[in-house]
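Visitor: Please put the model up first. Then I would like to go through it strand by strand and helix by helix.

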Amino acid sequence: MIARYRLALASLALALASSVQAEPALPPPYAGAYQPQGVDEQGLWREMDEEERRYSQSDIMIRDQALNAYVRKVLCDTVGHDRCGATRVYVVRAPVFNAGMYPNGMMEVFSGLLLRVRSEAELGAVLGHEFGHFEARHSLKGLMARRSGGDAMAWAFVLANLAPTYDVVRTYRDLQLTIIGNYFRFSRDQEREADALGIAYLNTSTLRPQAAAQVWERLIGEYQADALSKGLKKPRLDRVAFYATHPPQVERATTLALLARPDGATRDDGAERYRAALAPWLPQLLADQIKLNDFGASEYIIQSLAETGWTAPLWHARGELYRMRGAPRDLVNAAEFYGQAIALDPVHAEAHRGLGLSLLKTGQRAPGQQALRRYLTLKPDAPDARMIGLMIPQEMSEP
Amino acid sequence: MIPRTFSAIAALLVVALLPSAATAHKLREQGVVVTIADSALTVAPPRDWNRLDGNIGKHVETWTLDGGQLNDLTFFAGIEPGKPLVRERSKKREPLPRFSASTLLVELPELFEATYRSAKELADFRVTEVQPTRFLERDGVLFRYEYVDPDELTRKGEAHAAIISGRLYMISFDAPRLHYFDRNIEDYRRIAQSARLP
């Protein structure tokens, strides 16, 4: 079985190497539910099972059943229902582009990833890539790295205990994370292999495989926008969790485009279904992103979401972003964006609040108070209702 | 990756071997009036607290009872317009939101939230209540919040803030929702009541 499997991988690697006439990749035949073998792998799985038990109860999980079921469905649609039976999917509330697969079949999907993909095919491309790591059992190959990491950590622990300060204890914790991260970091070749497997799953699914390249193109655009707004020459991709050892973007996009089945280009990418499934969560995910104070990246994400049409939550998010940066010109823009949100959704309470505050801060007292009054009418039990109430003269009434 | 690990170990080694006296925490004794971060703000703690050493900001000071992870009392003593609440790890790459001359009282919880989210890379942070209050004998804002820290513990918090002569004064307290918040919230409130600014 394993020999056949290697052969399949070798042919994938060959497909990668011959860039002129690449065959569209297809996944190796499914080998059935895998059980860990040998003391290393069994130990690793046991440890991961324990971690999963703890993690699944953690407060950082999003427990919304509909969302969890949907993400799982996209994974199953991508890799096939037989394969996806070996995994458990957890949606984690964390505002970064990331997803991870643990050796025992536990998959974590960060909410920041959901905000950044636009269709089932794009989400499937990332999840398929992660699943590829699992199917090729890449993390077992990292055991050696982990063992040497263990030595370094033992020494660090001794040193941390010598020092009385809080910061050192913190540093030790960071180091612990770094080394654990190191263990789960795959090599570039493994990433290429997972990329090839990911696109192979998509090729055999009903989703459009060409979408895979778009994910990376958009992500690189976001990092560039972020670097630009911070006045940096170029983005530091090596510092981004998902990127540290991943192949360079250009190579990646080209390879993925090459390996995609040409006749798949006309398939549905499920963008419509994805938008509908994510709609209840979108305002929350946008807020999580905007409040990170990453102006360039947030603006890029909003703009790219708006490519399929501006909606009230998008205008509102943009208003919040500009009001939070807070320069006088930003406040003028913010007021306009809130106005657009209200035009599309006149009962969007938060948009009235933002509009009111922006107008007040640009010296437009009466219309500002009018908007705040409307906010309180729409949301009388808002957490800040009493505070906002103080900003409105008592005799003023709803028009 | 490997060089980063090594440099982290090297940094740890250097810090570990520094003489401990230079980095000692200070006891803040019951009833003794103390100034905060060399400002005009004073408090008279109704019980003993520990002032944590650590440079988290020019006008910022953190106190604790059992350690910063279990109860974190932080004073922001006169943040100037244009400055972030705490020191930035990297001004260029990871800027924090800034307090500004046009920031409204009702926006202070948002500023606090955005600072926590950016500095700790949080996703789940909720301001649960915002109320007008008197703080340092001026009109101020009291707010309560709840967040999930990257250590996966849910913490609850409460803060009092006011803007006085264009500067931001704020005291915040947060602790794990489980046990620690309820145990010490009254200790925090007494500290906030004892705060004076001439």
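Guide: Two strands pair if DSSP finds at least two bridges between them. Helices (H or I, at least four residues) and strands (E, at least two) are DSSP runs, numbered from the N terminus. This is a predicted model: local features need pLDDT of at least 70, side-chain atom pairs count only at pLDDT 80 or more, and totals for chains, interfaces and linings use all residues. Residues are numbered from 1 along each chain as its sequence is written, while chains are lettered from A and ligands numbered from 1 in the order written.

Visitor: How many bridges join strand E2 of chain A to E3(A)?

Guide: E2 covers residues 99-101 of chain A and runs antiparallel to E3(A). The two form a hairpin with four residues between them, and Gly105(A) in the turn has a positive phi of about 100°.

Visitor: How many residues of strand E3 (residues 106-110) of chain A are buried?

Guide: Buried means 20 or more other C-beta atoms within 10 Å of a residue's own; exposed means 12 or fewer, partly exposed in between, with C-beta atoms placed from the backbone. In a regular strand the side chains alternate between the two faces of the sheet. Here Met106(A), Glu108(A) and Phe110(A) on one side and Met107(A) and Val109(A) on the other are all buried. E3(A) is largely enclosed by the rest of the structure, because its buried residues number five of the five.

Visitor: Are H15(A) and H17(A) roughly parallel or roughly antiparallel?

Guide: Axes are lines fitted to C-alpha atoms, for helices over the stretch in contact, with angles from 0 to 180 degrees between N-to-C directions. The axes of H15 (residues 312-325) and H17 (residues 349-361) of chain A come within 10 Å and cross at roughly 30°. Angles under 35 degrees count as roughly parallel, over 145 as roughly antiparallel, 65 to 115 as roughly perpendicular and the rest as oblique. The pair is therefore roughly parallel.

Visitor: Is Asp38(B) buried or exposed?

Guide: Asp38(B) lies in the loop between strands E2 (34-35) and E3 (42-43) of chain B. Its phi is near 55°, positive in a residue other than glycine. With 11 other C-beta atoms within 10 Å, Asp38(B) is exposed.
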